[in-house]
Amino acid sequence: MVVQTQRLTIPHPQLHLRKFTLLPLAEIAPELEHPILKESITELTNSCPDQLKVWLYS
């Protein structure tokens with residue numbers, strides 16, 4: 001779904017550039033297709049340029 005209002009944009013315009021959003025999403029919906037980029041979450045995760053380390057909080 002794509003939502004664009006004055007206060008809300010879904011999906012976030014930089015979702016595909018942030019591993020801290022992609023990795024958790026890949027755990028629950030790896031084949032979900034980004035509605036604008038038309039790539040799966042797995043594909044976006046694999047091509048994400050973000051070098052920050054992401055780990056599970058316990």
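Visitor: Which residues make a nonpolar surface patch here?

Guide: Like charges are joined within 9 Å, and nonpolar side chains (Val, Leu, Ile, Met, Phe, Trp, Tyr) within 5 Å. Accessible areas come from the Shrake-Rupley method with a 1.4 Å probe, and for residues only the protein chains shown count as cover. In this predicted model, Val2, Ile36 and Leu37 form such a patch, of about 260 Å².

Guide: As to the basis of these values, residues are numbered from 1 along each chain as its sequence is written, and side-chain values use heavy atoms, with hydrogens and water left out. The model is predicted: local features need pLDDT of at least 70 and side-chain atom pairs count only at pLDDT 80 or more, while totals for chains, interfaces and linings use all residues.

Visitor: Is Leu37 buried, partly exposed or exposed?

Guide: Buried means under 20% relative accessible area, exposed over 50%, and partly exposed in between (1.4 Å probe, protein chains only). Leu37 has a relative accessible area of 34%, so it is partly exposed. Leu37 belongs to the loop between α1 and α2 (41-47); helices (H or I, at least four residues) and strands (E, at least two) are DSSP runs, numbered from the N terminus.

Visitor: Which residue has a positive phi although it is not a glycine?

Guide: That residue is Lys38, with a phi of about 60°. Lys38 sits in the loop between α1 and α2 and is exposed because its relative accessible area is 52%.

Visitor: Which residues form the largest nonpolar core?

Guide: A nonpolar core is a set of buried Ala, Val, Leu, Ile, Met, Phe, Trp, Tyr and Cys residues joined through side-chain atoms within 4.5 Å. The largest one has 6 residues: Leu15, Leu22, Ala26, Ile41, Leu44 and Cys48. Two or more residues of this core come from each of α1 and α2.

Visitor: What does the side chain of Thr21 reach?

Guide: A polar contact is a pair of N or O atoms within 3.5 Å; within protein, one must be able to donate a hydrogen and the other to accept it, and residues adjacent in sequence count only if both atoms are side-chain atoms. The Thr21 side chain reaches the backbone oxygen of Arg18 at 2.8 Å. Thr21 lies in helix α1 (residues 19-28).

Technical notes. Patch = residues over 30% accessible without salt bridge, like charges linked within 9 Å, V, L, I, M, F, W, Y side chains within 5 Å. Salt bridge = Lys/Arg side-chain N within 4 Å of Asp/Glu carboxyl O.
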